[in-house]
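Here's a quick briefing for anyone meeting this structure for the first time. Have a look around, then read on.

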Amino acid sequence: MKKLAIILFAIVFVACKSDNKTTTATTNEATINKQPNIVIIYLDDLGYGDLGVYGAKGIKTPNIDKLANEGVKFTNGYATSATCTPSRYGLLTGVYPWRNKDAKILPGTAPLIIDTAQITIPKMLKENGYYTGVVGKWHLGLGTGLVDWNKKVTPGPNEVGFDYSYIMAATQDRVPTVYIDNGFVANLDPKDPIKVNYDKNFEGEPTGKENPELLRMKWHHGHNSSIINGIPRIGYMKGGESAKWIDEDMADHFLVKAQEYVEAHKEEPFFLYYAMQQPHVPRTPNPRFIGASGLGPRGDVIVEADWAVGEFIKTLEEKGILENTLIILSSDNGPVLNDGYFDDAVEKLGEHDPKGGLRGGKYSLLEAGTRVPFITYWKGKIEPTVSDALVSQLDVLASIAELTNIEVNTTDSQNILSTLLGKSERGRGNLVIEATTRTAYREGNWVMIPPYKGKAINELVNIEVGNSKDYQLYNLKDDVSQQNNLAKLNPEKIKDMVANFESIRGT
Ligand code: NG6
Ligand code: CA
C-alpha cells in the first residue's frame, strides 16, 4: 500500500515538474522516503528573555529549554518584523514584509495579503510531495473583500499552499472569536449566523466601553468593542454563539489539532506550522496553569505554551518520528507587558526581563522588537550548540528548500541551512529590520537606525519604539542593550551603511 502511494507520488511529481516555473523537484523514490518532517512552532509576542534557556526569571520552560539545550540556541535570531502580520508574511514567503504595503497589523476582516501565485514554504513543500498544515493563529487576512463568515471563507491558508488549516482568523483579541476549519467556521449553527464589523456596533449589543459591568477582564487601551466570554475585544461581532471559542481552552484545543495532524500524516513527509497564541493578549491560561509562574497571566501562559510544546514533542516521539523531524521554534515579535488589558503583567513582573537585556520591545526598531528566541532541534541530527550567527526567519524558506532538494529563486531569503543545523557559524551578512513599516539596517555587529519622526516612546504600551530625529548607530558586540549612540563619532560608517541599506531597501 505504502509502496503504491510512493509510486503514485513519484508520478504526480513528474507531472507537476513540467508546468512548475518557480520550483523544480528532483524527486525519486529514495528521496521521498528520506524527506524529513518539518515543524515550525511559532509563539506570539514571546520576548528574547522569556524562556528559561534565554535567562527568564520566575518562568520555568523545561520543554522548550530541552529543545534549545539539545539543539541550536541562536543568540542573534530575528523575526522579520516587530509585529505579527508582517512577521508571519516574511516567515512564510521569504520576502521582506516591507516590500508588501499591506503587511501591517490587520483587522479580522482584512483580505488575504499573500498573493496566491506567490511561493510560500507550504506551497513549495506541497509541490514536492509534502502534506502541509497550519494550526493556530493566522493573521494574514482572509478572502478578497467583504467576507461572509457563514460561507466558505476563501482564499486563505488553503489557497497559499496549506492542505489543511485550522486557524483563528486574526488574534485572540480580535473578532471573529471562532475557529476556522479548512475555510469553514467550526461548529457554526446556520440558524445563528455570524456578522462582523470593525467600524460599527450591531444594534443593542453590549460593548466594553458602555458595559463595564459585564467584563471579567478590564481594557486599558483599545479593546473596548464587543464583549465575548466577558473579555472586551477589538471589533464588533454578533451571532455565531455555538462557534465561539473558549479562551481558556485554546491552548489545549490547538494542541489536540496539532497532535491529530501528526497522527494522520505520520506516514508521509509533512510540514506543520503550529502557530500558538501565547503570550499575546488577552492572556487566558487554562485553570491548570493559573499561578504556574508567579508572574500573573503573562508568565502563566508561557508555562502553558511550554507544556503544550512538551506534549507535542511527546506525540512525535510516540509515533516514532521525532528523529525524522526538524523543529524550528521562534516568536513573531518581541515582548510587551501591557498591550491593552489590565492583567498584572507589569505589576507582577518581579525580576523577570522579557527583553533579556535588549532595548525596546514589540513595535520597536530597537533590538527587543525583532530579536527573539530562535531554536532548531533535530534529534540525532543536530549537535547541541549555541550560535551567535546572524539568522532571520526570512531564511527559513531558502534553507528548507536546500534541505529538501528543492530549487527555488529567492531575493531576500538566504540559504543558511548548515547554520540552522549547527554545522556552520556563517550567518547573514546583513539584515533589514522592520517595525510598524519603519526600517533599520544591521550589518555585521553594527545597527543603523535612520531618523524617524514621532514619539520616542509609545506611552500606551510603555515601549521605546526607536524614533529619533538623529541617526542612531550601535555596535551590538560591545553594546547589545544599545546605550551608546556612536553615530556622531562614525560619520563614514553611517554613510556606508545608509548606502548599503538603500541598495536593498530602495530609496
Ligand atoms: C494592536 C493592539 C494590540 C495587539 C496588536 C497586534 C490596540 C490598542 N492594540 O493594535 O493589543 O492586538 O495590535 O498584535 O488595539 S500582533 O502581535 O498581532 O501584531
Ligand atoms: Ca505578535
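Where is the place of tyrosine 363? Tyrosine 363 sits in the loop between strand S14 (325-331) and helix H8 (367-370); helices (H or I, at least four residues) and strands (E, at least two) are DSSP runs, numbered from the N terminus. Bear in mind that this is a predicted model, where local features need pLDDT of at least 70, side-chain atom pairs count only at pLDDT 80 or more, and totals for chains, interfaces and linings use all residues. Residues are numbered from 1 along each chain as its sequence is written, while chains are lettered from A and ligands numbered from 1 in the order in which they are written.

**Domains**
- The protein chain is assigned domain 1 (37-187 + 245-423), domain 2 (195-238) and domain 3 (434-505), with bounds that come from an automatic or database domain assignment.
- Taken over C-alpha atoms, the centres of domain 1 and domain 2 are 27 Å apart.
- Domain 1 puts 17 residues into the contact and domain 2 puts in 18 residues; two residues are in contact if their C-beta atoms, placed from the backbone, lie within 7 Å.
- On the side of domain 1 that touches domain 2, there are 8 nonpolar, 5 polar and 4 charged residues (Ala, Val, Leu, Ile, Met, Phe, Trp, Tyr, Cys and Pro count as nonpolar, Asp, Glu, Lys and Arg as charged, and the others, Gly among them, as polar).
- UniProt, in an unreviewed entry, lists residues 36-406 as "domain: Sulfatase N-terminal"; its positions are given in the numbering used here, feature names are shortened, and annotations may be inferred rather than shown by experiment.
- That span, residues 36-406, is 20% helix and 17% strand, and its end C-alpha atoms lie 13 Å apart.

**Ligand 1**
- Ligand 1 has 17 residues around it, and the closest are Thr83, Cys84, Gly222, Asp339 and Gly340; a residue is near a molecule if its C-beta atom, placed from the backbone, lies within 6 Å of it.
- Sorted by class, the shell comes to 4 nonpolar, 9 polar and 4 charged residues.
- Ligand 1 lies between domain 1 and domain 2, because both give residues to its shell.

**The core**
- The largest nonpolar core holds 142 residues, and Ile41, Ala258, Leu272, Tyr274, Met276 and Ile327 touch the most other members. Such a core is a set of buried Ala, Val, Leu, Ile, Met, Phe, Trp, Tyr and Cys residues joined through C-beta atoms within 7 Å.
- Helix H7 (residues 297-318) supplies the largest share of this core, 10 residues.
- Leaving out residues up to four places away in sequence, Leu272 touches Val39, Gly133, Val135, Ala258 and Tyr261.

- Two cis peptide bonds turn up: glutamine 278 to proline 279, with omega near -10°, and valine 281 to proline 282, with omega about -10°.
- Proline 279 is in the loop between strand S13 (270-275) and H7, and proline 282 is found in the loop between S13 and H7 too.
- Back to tyrosine 363: phi is near 75°, a positive value in a residue other than glycine.
- Tyrosine 363 counts as buried because it has 25 C-beta neighbours inside 10 Å (buried takes 20 or more other C-beta atoms within 10 Å, exposed 12 or fewer, and partly exposed is in between, with C-beta atoms placed from the backbone).
- Threonine 436 has a positive phi as well, near 40°.
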